[in-house]
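Could you show me around this structure, stop by stop? I have it open in a viewer and would like to know what to select next and what I will find there.

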Amino acid sequence: MSKFYITTPLYYVNDEPHIGHAYTTILADVISRIKKIQKHDVYFLTGTDEHGQKVQEAAEKRGVSPKNHVDEYVKRFKNTWKTLNINYDYFIRTTDQNHKNKVKGILSNLYKSGDIYFDEYEGLYSVSEERFITEKEKEEGDFRQVKKIKEKNYFFKMSKYKSKLIDHIKSNESFILPQSRRNEILGFLNNELNDLCISRPKTRLSWGIELPFDKDYVTYVWFDALINYISAIGYNEDNDRFNYYWPADYHLMAKDILTTHCVYWPTMLMSCNIPLPKTIFAHGWWLMDDTKMSKSLGNVIKPLDLADKYGSDALRYYLMRNMVLGQDASFTLDSFEKRYNADLANDFGNLVNRIFILISKNFDDKIPNKDIFDSFDYNFIKKVEKLRDKAKEDYTNLKIHDGIENSISIIRLINKFLEEKAPWKTIKENKAKAGTTIYLSAEALRIGSVLLYPIIPEKSSLILESMECLPQDNTDFGNLKEKTSIKIIKNIFPRIEE
Ligand code: ME8
């Protein structure tokens, strides 16, 4: 059994979770479930980024202390993940004492080793990004609230590791994925790389981890937050957990935080003599009417509203099926309803109804026996197996939307098979033959449900349990036991009426 360590970003608790946060977290959950079924020892980490200016300002606006604010908002994230069936192994908060100690330990070591130094700096500061930016970045980027700041601060010698980082990216094809993002980072590294300002004077920001070597300063929020990926799994503790799980197999995120993960984080790790993560994967944006979702534009979709109304599986299915990993996608309620009605209500829901009613009416609520297969049956089995193999390969290659399409094609194929064989007609003259058709349909439904389980765990589990099967069962034909008593499920995916 090999280990598999996957992470999401730690979300800012300056606001409620929205569809974008839900997407990355569901994606990590889906990949975790796929890997678990493939018998990996999975560790799935998520959490919240609770220090820094954004959070301090959000608390001030509400007239509460930052501590009270984060304690309240973290619950909203945890509740959302519960509703969305997110099965994480650990939820880290950057305000956890253990994490704060780890950050301090690393800061002390790097200060001692000389990779952190004190200096005066004058430069452009982006309040929205909470970092110093270059003139070029200001011209090309989408930075808000940029001001000139002259300040004494502590700096991390990031530039020292520039060529080592470029070598690493060039010699490790899958270090940054997709390819386009890798090229973007290599392009960024073609320019001069400045050292990283890693402190904020307390006169400007008090809500942060105090520097262990200067009580007048707190740590820059990114230097604090990135360390979560190692503090959560026991870095510098007296056990083997860290050595077992590290390096991370996947750091998932959207492209907005690519530079911090592909430049700041690896150079920090190099300075600590810690190996680099295996893959940093940046997915695309969920857009609303072709613009980025943002609170200031007032176009934020709350995942809980949708999950409450349509069920968490409906939301998980839509987000995973409608985004090609790595590309942007547009979120509209219309496309959500269309996708749900077509794939889940019509194809999947109707099939479940049909099969369960046929079994209940004609076979006393028991899976019928299979009799002799005809060439039509053999052909059906072959087609299902082909789609199953494709779906599995897609999942392994993280082509989640293709894996879903191939799995739902199995469901469509079963509907077609039933229509062509019409067991409701043949049952009168040849019960054994009708039983074989229904057995094969129920077995293919089991295989489809196992394949769709990582995406829609709640409804898939329901179907599988009702046939006394498990999501972990293998997907070979013939695993479904004849004579198993079934529990009838009614209207598993009710249609959304316009
Ligand atoms: O950046 N489409 O937190 P954050 C897709 N605290 N994904 C989206 C999205 C959208 N429209 N909007 C947000 C931070 N996301 C830092 C991270 S990590 C050590 C610190 C998702 O709350 C996506 O994963 O702004 C993106 O990278 C992340 O939320 C940013 O979350």
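## Stop one: the ligand

Start by selecting the ligand: 23 residues surround it, and the closest are Leu10, Thr24, Asp49, Asp256 and Trp285. Keep in mind throughout the tour that you are looking at a predicted model.

Now look for the polar atoms around the ligand. Select Tyr12, where a backbone N or O atom lies 3.0 Å from an oxygen atom of the ligand. Go on to Ala254: here a polar backbone atom is 3.0 Å from a ligand oxygen. Then show the side chain of Asp256, which has an N or O atom 2.8 Å from an oxygen atom of the ligand.

## Stop two: the six-stranded sheet

Switch to a cartoon view and find the open sheet of 6 strands. In which order do its strands run? The order is β3-β2-β1-β12-β13-β7, and the pairing is parallel. The strands at the edges are β3 (90-93) and β7 (176-177), each of which pairs on one side only.

Strand β2 (residues 41-49) runs parallel to β3, and 4 bridges join the two. To see one residue pair, select Leu45 together with Tyr90, its bridge partner in β3.

Next, colour helix α1 (residues 19-37). Helix α1 lies across β1 (3-12), β2, β12 (250-254) and β13 (280-283). Its direction makes an angle of about 170° with β1.

## Stop three: strands around β11

Move along to strand β11 (residues 214-219). Strand β9 (residues 199-201) runs antiparallel to β11, joined to it by 3 bridges. Select Ser199 and you will find it opposite Thr219 in β11.

Strand β10 (residues 210-211) also pairs with β11 in the antiparallel sense, over 2 bridges. Here Glu210 stands opposite Val218 in β11. Follow the chain from β10 to β11: a hairpin joins them through 2 residues.

Stay with Thr219 for a moment. Is Thr219 buried or exposed? It counts as buried, because its relative accessibility is 2%, and buried means under 20%. To see what Thr219 touches, select Val103, Leu107, Ile198, Ile209, Leu211 and Asp224, leaving out residues up to four places away in sequence.

Now for charged side chains. How many salt bridges does the structure hold? There are 30 salt bridges in the structure, and we will visit some of them.

Select Arg62 and Glu72, whose side chains meet in a salt bridge (2.9 Å, N to O). This pair links distant parts of the chain: Arg62 belongs to helix α2 (residues 53-62) and Glu72 to helix α3 (residues 66-83), 10 residues apart.

Glu72 and Arg76 are separated by about one helical turn, because they are 4 residues apart in helix α3. If you display a surface, check how accessible these residues are: Arg62 is partly exposed at 33% relative accessible area, Glu72 is partly exposed at 31%, and Arg76 is partly exposed at 25%.

Jump to helix α14 (residues 333-362), which holds both Asp343 and Arg339, 4 residues apart and about one turn of the helix. They form a salt bridge in which the closest N and O atoms are 3.2 Å apart. Asp343 and Arg339 are both buried.

## Last stop: His401

Finish in helix α16 (residues 400-421), the place of His401. This histidine is buried, with a relative accessible area of 13%. Its side chain makes a polar contact of 3.3 Å with the side chain of Asp402. Which residues is His401 in contact with, leaving aside its neighbours within four places in sequence? Select Met320, Arg321, Met323, Val324 and Leu325 to see them.

Technical notes: Residues numbered from 1 in each chain as written. Predicted model: local features only at pLDDT ≥ 70, side-chain atom pairs only at ≥ 80, totals over all residues. Heavy atoms only, no water. Salt bridge = Lys/Arg side-chain N within 4 Å of Asp/Glu carboxyl O. Buried < 20%, exposed > 50% of the residue type's maximum accessible area, 1.4 Å probe, protein only. Polar contact = N/O pair within 3.5 Å; in protein donor to acceptor, adjacent residues only side chain to side chain. Contact = heavy atoms within 4.5 Å. Pairing = 2+ DSSP bridges. Axes fitted to C-alpha atoms, helices over the stretch in contact; angles between N-to-C directions. Near = heavy atom within 4 Å.
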